[in-house]
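Please keep the viewer open as you read.

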Amino acid sequence: MADDLTDFQKKKLLHIFTIFYDLNRDGVIQWDDFTDAIDKFCQVNNWASDGKEAKDATATLQMIWEGLRKYADENMDDQITKEEWFKMWAEYYKAAKEKTSFPDWLDKYATFMFDVTDTSGDNVVDCEEYSTAFNVFGISKSDCEQSFNTFSENGKVTLTKDEFMKLWHQFFLSDNPNDKGNFLFGPQINA
(Lines give C-alpha, C1' and ligand atoms only; values in the text may rest on other atoms or scores of the structure.)
Protein backbone atom coordinates (compact mmCIF):
# COMPACT_ATOMS: atom_id res chain seq x y z
CA MET A 1 0.00 0.00 0.00
CA ALA A 2 2.81 2.45 0.82
CA ASP A 3 4.06 1.77 -2.70
CA ASP A 4 1.11 3.89 -3.85
CA LEU A 5 2.99 6.97 -2.58
CA THR A 6 5.38 8.83 -4.83
CA ASP A 7 8.97 9.38 -3.74
CA PHE A 8 8.19 13.05 -3.13
CA GLN A 9 5.20 12.22 -0.93
CA LYS A 10 7.30 9.73 1.05
CA LYS A 11 10.02 12.34 1.61
CA LYS A 12 7.49 14.89 2.86
CA LEU A 13 5.80 12.40 5.13
CA LEU A 14 9.11 11.18 6.53
CA HIS A 15 10.10 14.81 7.16
CA ILE A 16 7.03 15.56 9.29
CA PHE A 17 7.17 12.12 10.94
CA THR A 18 10.68 12.97 12.14
CA ILE A 19 10.34 16.71 12.84
CA PHE A 20 6.80 17.04 14.22
CA TYR A 21 5.69 13.63 15.44
CA ASP A 22 8.64 11.45 16.51
CA LEU A 23 10.06 14.14 18.77
CA ASN A 24 12.32 11.84 20.78
CA ARG A 25 13.71 10.43 17.50
CA ASP A 26 13.33 6.77 18.48
CA GLY A 27 11.83 5.79 15.11
CA VAL A 28 8.20 5.46 16.27
CA ILE A 29 5.42 7.83 17.28
CA GLN A 30 4.14 7.31 20.82
CA TRP A 31 2.17 9.33 23.34
CA ASP A 32 5.49 10.47 24.86
CA ASP A 33 6.18 12.37 21.64
CA PHE A 34 2.96 14.29 22.13
CA THR A 35 3.87 15.17 25.72
CA ASP A 36 7.18 16.49 24.37
CA ALA A 37 5.18 18.59 21.91
CA ILE A 38 3.09 20.00 24.76
CA ASP A 39 6.31 21.09 26.48
CA LYS A 40 7.36 22.86 23.27
CA PHE A 41 3.99 24.59 22.94
CA CYS A 42 4.21 25.73 26.56
CA GLN A 43 7.66 27.14 25.83
CA VAL A 44 6.54 29.01 22.68
CA ASN A 45 3.42 30.43 24.32
CA ASN A 46 4.84 31.02 27.81
CA TRP A 47 2.24 28.73 29.35
CA ALA A 48 2.68 27.28 32.81
CA SER A 49 3.13 23.53 32.48
CA ASP A 50 0.31 22.98 34.97
CA GLY A 51 -1.88 25.82 33.71
CA LYS A 52 -5.22 25.79 31.90
CA GLU A 53 -3.67 26.23 28.44
CA ALA A 54 -1.31 23.28 28.94
CA LYS A 55 -4.19 21.14 30.22
CA ASP A 56 -6.33 22.13 27.22
CA ALA A 57 -3.42 21.35 24.87
CA THR A 58 -2.99 17.97 26.54
CA ALA A 59 -6.68 17.15 26.08
CA THR A 60 -6.57 18.19 22.42
CA LEU A 61 -3.41 16.24 21.70
CA GLN A 62 -4.78 13.20 23.52
CA MET A 63 -7.76 13.24 21.15
CA ILE A 64 -5.42 13.64 18.16
CA TRP A 65 -3.22 10.78 19.41
CA GLU A 66 -6.25 8.52 19.81
CA GLY A 67 -7.39 9.34 16.27
CA LEU A 68 -3.93 8.71 14.88
CA ARG A 69 -3.69 5.40 16.74
CA LYS A 70 -7.11 4.35 15.44
CA TYR A 71 -6.06 4.82 11.81
CA ALA A 72 -2.36 3.98 11.87
CA ASP A 73 -1.52 1.62 14.73
CA GLU A 74 -2.33 -1.63 12.96
CA ASN A 75 -1.02 -3.97 15.65
CA MET A 76 -2.33 -1.80 18.53
CA ASP A 77 1.02 -1.67 20.32
CA ASP A 78 0.67 2.04 21.16
CA GLN A 79 3.34 3.07 18.71
CA ILE A 80 3.26 3.97 15.06
CA THR A 81 6.13 2.83 12.89
CA LYS A 82 7.20 4.51 9.69
CA GLU A 83 5.66 1.62 7.75
CA GLU A 84 2.31 2.10 9.50
CA TRP A 85 2.59 5.86 8.93
CA PHE A 86 3.16 5.43 5.18
CA LYS A 87 0.38 2.89 4.87
CA MET A 88 -2.09 5.21 6.60
CA TRP A 89 -1.16 8.07 4.27
CA ALA A 90 -1.43 5.91 1.16
CA GLU A 91 -4.99 5.11 2.23
CA TYR A 92 -5.72 8.80 2.85
CA TYR A 93 -4.39 9.77 -0.58
CA LYS A 94 -6.62 7.19 -2.18
CA ALA A 95 -9.63 8.47 -0.22
CA ALA A 96 -8.79 12.08 -1.09
CA LYS A 97 -8.82 11.22 -4.79
CA GLU A 98 -12.29 9.83 -4.22
CA LYS A 99 -13.24 13.19 -2.65
CA THR A 100 -13.74 11.98 0.89
CA SER A 101 -12.62 14.24 3.69
CA PHE A 102 -9.55 14.25 5.88
CA PRO A 103 -9.85 12.40 9.14
CA ASP A 104 -11.18 14.45 12.02
CA TRP A 105 -7.98 14.12 14.06
CA LEU A 106 -5.91 15.69 11.26
CA ASP A 107 -8.18 18.69 10.83
CA LYS A 108 -8.22 19.19 14.60
CA TYR A 109 -4.42 19.03 14.61
CA ALA A 110 -4.27 21.68 11.87
CA THR A 111 -6.54 23.97 13.88
CA PHE A 112 -4.52 23.32 17.02
CA MET A 113 -1.21 24.04 15.23
CA PHE A 114 -2.55 27.31 13.89
CA ASP A 115 -3.80 28.36 17.31
CA VAL A 116 -0.55 27.58 19.14
CA THR A 117 1.50 29.26 16.39
CA ASP A 118 -0.66 32.41 16.56
CA THR A 119 0.90 33.46 19.86
CA SER A 120 -0.55 36.98 19.67
CA GLY A 121 -4.09 35.65 19.35
CA ASP A 122 -4.93 38.00 16.47
CA ASN A 123 -6.02 35.16 14.12
CA VAL A 124 -3.06 35.80 11.83
CA VAL A 125 0.33 34.10 11.96
CA ASP A 126 3.18 36.40 11.01
CA CYS A 127 6.73 35.41 10.11
CA GLU A 128 8.05 35.96 13.64
CA GLU A 129 5.36 33.76 15.19
CA TYR A 130 5.87 31.06 12.59
CA SER A 131 9.64 31.13 13.03
CA THR A 132 9.42 31.02 16.82
CA ALA A 133 6.94 28.13 16.85
CA PHE A 134 8.63 25.99 14.23
CA ASN A 135 12.16 26.70 15.47
CA VAL A 136 11.43 24.76 18.69
CA PHE A 137 10.95 21.70 16.47
CA GLY A 138 14.46 22.10 15.11
CA ILE A 139 13.89 24.12 11.94
CA SER A 140 16.40 26.96 11.75
CA LYS A 141 15.17 30.54 11.90
CA SER A 142 16.51 31.23 8.39
CA ASP A 143 14.73 28.13 7.01
CA CYS A 144 11.53 29.23 8.76
CA GLU A 145 11.79 32.69 7.24
CA GLN A 146 12.50 31.27 3.79
CA SER A 147 9.55 28.89 4.04
CA PHE A 148 7.21 31.59 5.35
CA ASN A 149 8.21 33.95 2.53
CA THR A 150 7.56 31.20 -0.01
CA PHE A 151 4.06 30.24 1.10
CA SER A 152 3.08 33.83 1.95
CA GLU A 153 4.50 35.13 -1.34
CA ASN A 154 6.82 37.45 0.58
CA GLY A 155 4.02 38.65 2.83
CA LYS A 156 1.47 39.30 0.08
CA VAL A 157 -0.71 36.46 1.39
CA THR A 158 -1.85 36.81 5.01
CA LEU A 159 -1.59 33.58 6.96
CA THR A 160 -5.10 33.42 8.40
CA LYS A 161 -6.57 30.19 9.73
CA ASP A 162 -8.32 29.57 6.39
CA GLU A 163 -5.07 30.06 4.48
CA PHE A 164 -3.20 27.86 6.97
CA MET A 165 -5.80 25.10 6.46
CA LYS A 166 -5.46 25.35 2.67
CA LEU A 167 -1.68 25.07 2.94
CA TRP A 168 -2.00 22.20 5.45
CA HIS A 169 -4.23 20.19 3.13
CA GLN A 170 -2.08 21.04 0.13
CA PHE A 171 1.00 19.76 1.94
CA PHE A 172 -0.60 16.41 2.61
CA LEU A 173 -2.21 15.99 -0.81
CA SER A 174 0.17 17.60 -3.26
CA ASP A 175 2.68 15.78 -5.38
CA ASN A 176 3.82 19.02 -7.01
CA PRO A 177 7.06 20.28 -5.40
CA ASN A 178 6.18 23.83 -6.45
CA ASP A 179 2.93 24.01 -4.47
CA LYS A 180 3.20 26.55 -1.64
CA GLY A 181 1.78 24.12 0.91
CA ASN A 182 4.88 21.99 0.57
CA PHE A 183 6.78 24.68 2.46
CA LEU A 184 4.43 24.81 5.46
CA PHE A 185 6.60 22.48 7.56
CA GLY A 186 9.93 24.00 6.71
CA PRO A 187 12.20 23.95 3.71
CA GLN A 188 11.11 22.06 0.69
CA ILE A 189 12.10 18.45 0.46
CA ASN A 190 13.83 17.83 -2.82
CA ALA A 191 11.71 15.81 -5.25
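A crossing of two helices is called left-handed if the near helix is turned anticlockwise from the far one by less than a right angle, and right-handed if it is turned clockwise. With that in hand, let us look at this predicted model.

**Helix α2 against helix α3**

By that rule, α2 passes α3 in a right-handed crossing. Helix α2 covers residues 31-45 and helix α3 covers residues 52-72; their axes lie 10 Å apart and form an angle of about 150°. Angles over 145 degrees count as roughly antiparallel, and α2 and α3 are therefore roughly antiparallel to each other. On the α2 side, the contact is made by W31, F34, A37, I38, F41 and C42, which meet A54, A57, T58, L61, Q62, I64, W65 and L68 of α3. Sorted by class, this contact of α2 with α3 holds twelve nonpolar residues, two polar ones and no charged ones.

**Helix α3 against helix α5**

Helix α3 also packs against α5, where the two axes come within 9 Å and cross at roughly 150°. That angle makes α3 roughly antiparallel to α5. The crossing of α3 and α5 is left-handed. From α3 the residues in contact are A57, T60, L61, M63, I64, G67, L68 and Y71, and from α5 they are W105, K108, Y109 and F112. The classes here are nine nonpolar, two polar and one charged.

**Helix α5 against helix α8**

Helix α5 (residues 104-117) has a further partner in helix α8 (residues 161-173), with axes that come within 10 Å and cross at roughly 130°. This makes α5 oblique to α8. The crossing of α5 and α8 is right-handed. In α5, the residues L106, D107, Y109, A110, T111, M113, F114 and D115 meet K161, F164, M165, W168, H169 and F172 in α8. This contact divides into nine nonpolar, two polar and three charged residues.

**Cysteines**

How many disulfides does a search of the whole structure find? The search finds zero. C42 is in no disulfide, and the nearest cysteine sulfur, that of C144, is 19 Å away. What keeps C127 from bonding to the closest cysteine sulfur? The sulfur of C127 is 8.0 Å from that of C144, which is too far for a bond, given that a disulfide needs sulfur atoms within 2.5 Å.

| Residue | Relative accessible area | Class |
|---|---|---|
| C42 | 8% | buried |
| C127 | 22% | partly exposed |
| A96 | 23% | partly exposed |
| S147 | 1% | buried |

S147 sits in helix α7 (residues 141-151) and counts as buried. Which residues does S147 touch, leaving aside its neighbours within four places in sequence? They are Y130, F183, G186 and P187.

A96 belongs to helix α4 (residues 82-97). The C-alpha atoms of A96 and F172 are 10.0 Å apart, although the two residues are separated by 76 residues along the chain. F172 is also one of the α8 residues that take part in the contact with α5.

Terms used
Residues are numbered from 1 along each chain as its sequence is written. This is a predicted model: local features need pLDDT of at least 70, side-chain atom pairs count only at pLDDT 80 or more; totals for chains, interfaces and linings use all residues. Side-chain values use heavy atoms; hydrogens and water are left out. Axes are lines fitted to C-alpha atoms, for helices over the stretch in contact, and angles run from 0 to 180 degrees between N-to-C directions. Helices (H or I, at least four residues) and strands (E, at least two) are DSSP runs, numbered from the N terminus. Angles under 35 degrees count as roughly parallel, over 145 as roughly antiparallel, 65 to 115 as roughly perpendicular and the rest as oblique. Contact means heavy atoms within 4.5 Å. Ala, Val, Leu, Ile, Met, Phe, Trp, Tyr, Cys and Pro count as nonpolar, Asp, Glu, Lys and Arg as charged, and the others, Gly among them, as polar. Buried means under 20% relative accessible area, exposed over 50%, partly exposed in between (1.4 Å probe, protein chains only).
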